[in-house]
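Biologist: I would like to learn how to read helix packing and surface features in a model. Where do we start?

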Amino acid sequence: MTVLKRPSSDNVMESGWRKHSLILFGVAAAIRLILYLFAYLNDGLQSVIWTSGDAQNYHLLAVNLLSGHGFSQGIEPPYSPEMFRTPAYPAILAAIYSLVGFKPQYALLIQTLVGALTCVIVSAVERQVFGGRSGGISGWILAGYPPCVMYDISLLTESIFTCLLSANTYFYFRYMESRELKHSAACGVLLGMATLCRPIAMFVPVILIVVLLSSRLLGLVKGNWKPLLLACAALYAGYVVCVYPWALRGEAISGQGRISHLGGADIWMRPLAYIRSLENEESADDHLGRLWSEYGSIVDTDEEWDYVSSAVVEILTFDPPYWKLQAWGLVVALYSPQTSYMGALLGWQSSPVDLLSAFAEGGVIGGASIVLKRKTAFELLYALSMVVYSTILYSLCAFTCLHNRRSIVVFLFVVLILYLVGVPGALNDARYRVPAMPYVAILSSWAVGHLLIRKRGLKGHADPTR
């Protein structure tokens with residue numbers, strides 16, 4: 001494997017980089033504002049705000065925070081403490097509401113700027129790890145990628161979470177360049193904030209620390225062990241500073257110091273709901289709702305461990321083997337165009353199709369037949385374009401991985417993509433690929449740069465660490 005080196009200063013002039021960033025931010029913001037305006041005029045914003053259960057939960061938490069009722073979803077006294085949702089996103093909403101009133105549409109307007117900022121951060125990460133020999137288009141890929149644009153104007157955590165995760169990645173590589181502890185600590189703090197936004201990030205610190213230590217064990221990072229161990233400690237300390245107070249709150253209320261009292265259950269609950277749906281005619285969502293109710297009634301009791309253990313055994317002994325179901329779930333998460341959600345934003349009547357069940361039960365031909373019967377021409381055109389676009393991006397990613405098999409940067413990005421998309425298990429959807437798209441965009445951009453260099457007849461290929 002190769003390690004990260006700072007790009008040559010003559011690759012991209014600072015003035016040129018600032019101009020590029022401003023243009024990228026402006027274009028990304030304009031794309032999001034155009035969709036925002038279109039959705040506003042077609043009542044699409046109201047549709048996604050008030051028909052999404054998650055969006056309503058975040059709104060109510062923010063309202064109660066601002067009204068002095070604590071972190072609760074209660075609509076009347078007593079306002080019971082919320083133990084499932086984490087505080088970062090509701091707190092941000094509450095801060096916005098304190099300025100503009102209880103108007104979610106204004107929060108979404110600000111999120112369009114957050115989404116545009118994420119594009120700039122991702123472009124900075126690409127420049128940082130690949131230098132001027134890369135394609136330089138990762139930020140532009142995110143700027144116009146439909147699911148990213150959609151969720152930047154949705155009252156959900158994806159926009160803020162993706163921005164925090166991208167910023168965390170930036171400071172992680174800043175440390176690898178400079179070996180300064182402040183960058184490692186900043187990486188940990190941002191990761192802690194991301195975890196308080198979406199708890200699925202709680203295992204990312206382990207991934208980052210393991211990659212850092214492994215690079216030293218393999219001789220990829222030179223120097224003494226002590227500074228490296230201090231950097232890992234600083235990263236973890238920054239993470240703990242953010243999440244520990246929230247864990248103490250959970251312990252004070254329920255006796256269990258958890259970040260989210262039910263959030264981690266997704267890892268086994270969603271697969272269990274899916275395999276049970278294959279055994280009878282009930283939908284996976286029906287099974288999932290029942291499992292949430294059952295598990296919620298015994299969480300933090302002596303029965304919890306036995307319940308989870310029996311669920312895991314049921315998953316592992318299911319036929320066909322669970323890895324096949326998980327692989328299919330990854331495909332759906334990576335390719336689902338979310339036509340129903342886009343339809344809600346744009347104001348068209350969409351016909352939801354359970355892609356997972358359609359193709360699992362009917363095969364390629366049968367599943368395609370179901371989709372064709374249920375979708376309108378516009379939806380089919382949008383879905384087809386998304387499938388083609390996604391295939392191009394993933395093919396470019398595969399190209400980058402094949403040409404840089406020994407790059408620790410590429411290895412880390414692939415692990416993060418698989419982790420972020422794979423955590424929800426076989427019962428998956430497109431929401432879970434949005435936080436992974438910055439890494440997909442960066443890997444794709446390197447491949448574009450390499451292919452352009454080859455086309456121009458230059459010898460050699462771009463070093464992914466320069």
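Modeller: With the term contact, which means heavy atoms within 4.5 Å. The model here is predicted. In it, Pro-205, Leu-208, Ile-209, Leu-212, Leu-213, Arg-216 and Leu-217 of α10 are in contact with Trp-225, Leu-228, Leu-229, Cys-232, Leu-235, Tyr-236 and Tyr-239 of α11.

Biologist: What describes two packed helices?

Modeller: The angle between their axes and the distance between the axes describe such a pair. Here, helix α10 (residues 204-217) packs against helix α11 (residues 225-254) at about 175°, and the axes lie 10 Å apart. Angles over 145 degrees count as roughly antiparallel, so α10 and α11 are roughly antiparallel to each other.

Biologist: Which residues make the nonpolar surface patch?

Modeller: Leu-33, Leu-99, Val-100, Tyr-106 and Leu-109 make a patch of about 430 Å². At least two of the patch residues come from α4 (88-100), and at least two from α5 (104-130).

Biologist: Is Val-100 buried, partly exposed or exposed, and why?

Modeller: Buried means under 20% relative accessible area and exposed means over 50%, with partly exposed in between. Val-100, which lies in helix α4, has a relative accessibility of 31%, so Val-100 counts as partly exposed.

Biologist: What are the totals for the protein as a whole?

Modeller: The protein has 20 helices and zero strands. Of its 466 residues, 51% are buried. The accessible surface comes to about 21000 Å², and carbon and sulfur atoms account for 65% of that surface. Among contacts between residues at least 6 apart in sequence, 75% join residues at least 24 apart.

Key:
Residues numbered from 1 in each chain as written. Predicted model: local features only at pLDDT ≥ 70, side-chain atom pairs only at ≥ 80, totals over all residues. Heavy atoms only, no water. Patch = residues over 30% accessible without salt bridge, like charges linked within 9 Å, V, L, I, M, F, W, Y side chains within 5 Å. Areas by Shrake-Rupley, 256 points an atom, 1.4 Å probe, with all protein chains shown as cover. Salt bridge = Lys/Arg side-chain N within 4 Å of Asp/Glu carboxyl O. Helix = DSSP H or I, 4+ residues; strand = E, 2+ residues; numbered from the N terminus. Buried < 20%, exposed > 50% of the residue type's maximum accessible area, 1.4 Å probe, protein only. Axes fitted to C-alpha atoms, helices over the stretch in contact; angles between N-to-C directions. Parallel < 35°, antiparallel > 145°, perpendicular 65-115°, else oblique.
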